Amino acid sequence: MTKSFQAMMIEDVGGKPQAGLKTISLEDLPDHDVLVEIACSSLNYKDGLALTGKIRIARRLPMVAGIDLAGTVVESRAPEWKPGDRVLVNGWGLSETEWGGYSRYQRLKPQFLTRLPDGFDMQQAMAIGTAGYTAALCVNALEDWGHIQKSDKPVLVTGAAGGVGSVAIALLAKRGYQVTASTGRASTHDYLRKLGATAFVTREALAAPGAPLQAEDWAGAVDSVGSTTLANVLAQTEYGGGVAACGLAGGADLPATVMPHILRSVALLGVDSVMAPQSRRDRAWSLLAESLDKDLLAEMTNVHPMSDLPQLAEAIIAGKTQGRVVIRIE
Ligand code: NDP
């Protein structure tokens with residue numbers, strides 16, 4: 001077995017977190033029960049925050065970054081996992097409190113692992129990654145709320161050309177909903193049409209403060225932007241609709257009123273992927289297996305080596321990446 005290998009490590013440099021590739025060995029890894037050889041990871045907005053240091057994600061340093069991983073079990077002291085098992089991890093505190101996926105090997109707590117779902121190879125699982133699995137959690141939240149199935153209005157997806165947005169559009173369109181995409185990049189319209197969007201709203205149209213109740217344009221929405229955008233989306237959702245909110249790409253505030261909720265019974269459905277229980281994860285992955293077209297997944301995916309992570313992290317925070325980024329671990 002390889003004794004030393006590369007990992008993207010966040011360290012304390014002069015009181016500030018700083019990311020860089022380091023050579024480490026198996027002895028450096030935490031003493032958890034399952035050793036996984038990682039084939040690939042992915043880049044999510046949160047990875048961008050961690051690597052650029054824009055928001056402090058790692059709660060202790062040094063920290064191996066990467067909130068996702070897919071790989072093969074090499075050693076296990078846990079009865080439920082055997083060498084050769086193909087697994088993935090999304091969230092569970094990776095890159096926050098637990099060493100993460102930007103590393104050739106990682107030791108993990110057994111309860112963090114999910115068996116690689118049938119029908120996906122490791123690269124496809126990471127093309128989905130946390131962003132895609134969160135999009136599936138959002139679609140499940142909307143369908144569980146139960147309004148979009150009955151409405152003839154479109155479902156709005158904000159941050160449309162990003163990771164969560166791209167997968168959400170592909171899933172919603174495949175499940176038969178009309179999808180309107182809100183994007184700040186007109187250059188992505190052809191791409192978003194391929195995924196299944198049939199109409200567009202500019203990012204700017206949702207970014208300016210609006211009235212507490214506006215025209216009821218949407219049956220529901222998946223929002224990865226937050227802030228004024230989310231406030232407007234709530235104000236534009238029709239009576240009885242739901243908005244699955246998972247992100248803060250436009251800001252963590254929510255300058256809204258209670259009016260959509262108390263006068264239109266609009267639901268704000270909060271979606272967390274990091275600590276979601278296994279049953280909810282399994283439902284999300286089942287939805288992805290059922291409703292995510294593999295050709296579209298390939299269309300929205302770019303593959304990069306770990307050495308590209310510093311530039312990619314800057315790009316995702318600047319809103320310049322499109323779709324999903326898979327990180328190949330060598
Ligand atoms: P991406 O960067 O891939 O997508 C975010 C998209 O938001 C961008 O592509 C862009 O879309 C839009 N955007 C970027 N900056 C701004 C801005 N200042 N104002 C308005 N829109 C903006 O990130 P991810 O898809 O990985 O994540 C999206 C969000 O969801 C992040 O905030 C992330 O933290 C959150 N998230 C939360 C999870 C949870 O568990 N709750 C899990 C996964 C993600 P466009 O160019 O089309 O306008």
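Two strands count as paired here if DSSP finds at least two bridges between them. Everything below is a close-up of a predicted model.

**View 1. Strand β16 sits between two partners, β15 and β3.**
Strand β15 (residues 301-305) and β16 run parallel, joined by five bridges. In that pairing, Asn-302 stands opposite Val-325 of β16. With β3, β16 pairs in the antiparallel sense, over four bridges. As for burial, β16 (residues 324-328) is mostly covered, with four of its five residues buried.

How many of the eight residues of helix α1 (residues 45-52) are buried? Six of them are, so the helix is largely enclosed by the rest of the structure. The buried set is Tyr-45, Lys-46, Asp-47, Gly-48, Ala-50 and Leu-51. Their cover includes β1, β2, β3 (34-43) and α10 (309-317). Just past the end of α1 comes Gly-53, with a positive phi of about 75 degrees.

**View 2. Strands β2, β1 and β4 make an open antiparallel sheet.**
The three strands line up in the order β2-β1-β4, and the pairing is antiparallel. At the edges are β2 (16-25) and β4 (63-64); each has a single partner strand, so one side of each is left without a neighbour in the sheet. Strand β1 (residues 4-13) pairs with β4 over two bridges, in the antiparallel sense. To find the spot, go to Ile-10, which stands opposite Met-63 in β4.

**View 3. Six strands form an open parallel sheet.**
Reading across, the order is β11-β10-β9-β12-β13-β14, with parallel pairing. Both β11 (199-202) and β14 are edge strands with a single partner each, so one side of each lacks a neighbour in the sheet. From one strand to the next, the twist averages 20 degrees. Four bridges join β10 to β11, and these two run parallel; Thr-180 stands opposite Ala-199 in β11. Helix α2 touches β12 (218-223), β13 and β14, and its direction makes about 155 degrees with that of β13. Helix α3 (residues 163-174) touches β9 (155-158), β10 and β12, and its direction makes about 165 degrees with that of β9.

Which residues of strand β14 (residues 267-270) are on the covered face? They are Ala-267 and Leu-269, while Leu-268 and Gly-270 are on the uncovered face. Strand β13 (residues 237-245) pairs with β14 in the parallel sense, over four bridges. Within that pairing, Ala-245 stands opposite Gly-270.

**View 4. A zoom on Thr-180 in strand β10.**
Thr-180 lies in strand β10 (residues 179-183). Is Thr-180 buried or exposed? The cut-off for buried is 20 or more other C-beta atoms within 10 Å. Thr-180 has 21 C-beta neighbours inside 10 Å, so it counts as buried. Leaving aside neighbours within four places in sequence, Thr-180 is in contact with Pro-154, Leu-156, Ala-197, Ala-199, Phe-200 and Val-201. For scale, Ile-169 is 11 residues from Thr-180 in sequence, and the C-alpha to C-alpha distance is 8.4 Å.

**View 5. Helices α2 and α8 cross.**
Helix α2 (residues 122-145) and helix α8 (residues 278-291) pack at an angle of about 95 degrees, and their axes are 9 Å apart. The range for roughly perpendicular is 65 to 115 degrees, and α2 and α8 are therefore roughly perpendicular to each other. From α2, the contact uses Ile-128, Gly-132, Tyr-133, Ala-136, Leu-137, Val-139 and Asn-140. From α8 come Arg-280, Arg-283, Ala-284, Trp-285, Leu-287 and Leu-288. By class, that contact has nine nonpolar, two polar and two charged residues.

The chain is divided into domain 1 (4-116 + 300-328) and domain 2 (132-270). Taken over C-alpha atoms, the domain centres are 29 Å apart. Eight residues of domain 1 and 10 residues of domain 2 take part in the contact. On the domain 1 side, the touching residues are two nonpolar, five polar and one charged.

Definitions and conventions: Residues numbered from 1 in each chain as written. Predicted model: local features only at pLDDT ≥ 70, side-chain atom pairs only at ≥ 80, totals over all residues. Domains from an automatic or database assignment. Contact = placed C-beta atoms within 7 Å. Nonpolar A, V, L, I, M, F, W, Y, C, P; charged D, E, K, R; others polar. Axes fitted to C-alpha atoms, helices over the stretch in contact; angles between N-to-C directions. Parallel < 35°, antiparallel > 145°, perpendicular 65-115°, else oblique. Buried ≥ 20, exposed ≤ 12 C-beta atoms within 10 Å, placed from the backbone.
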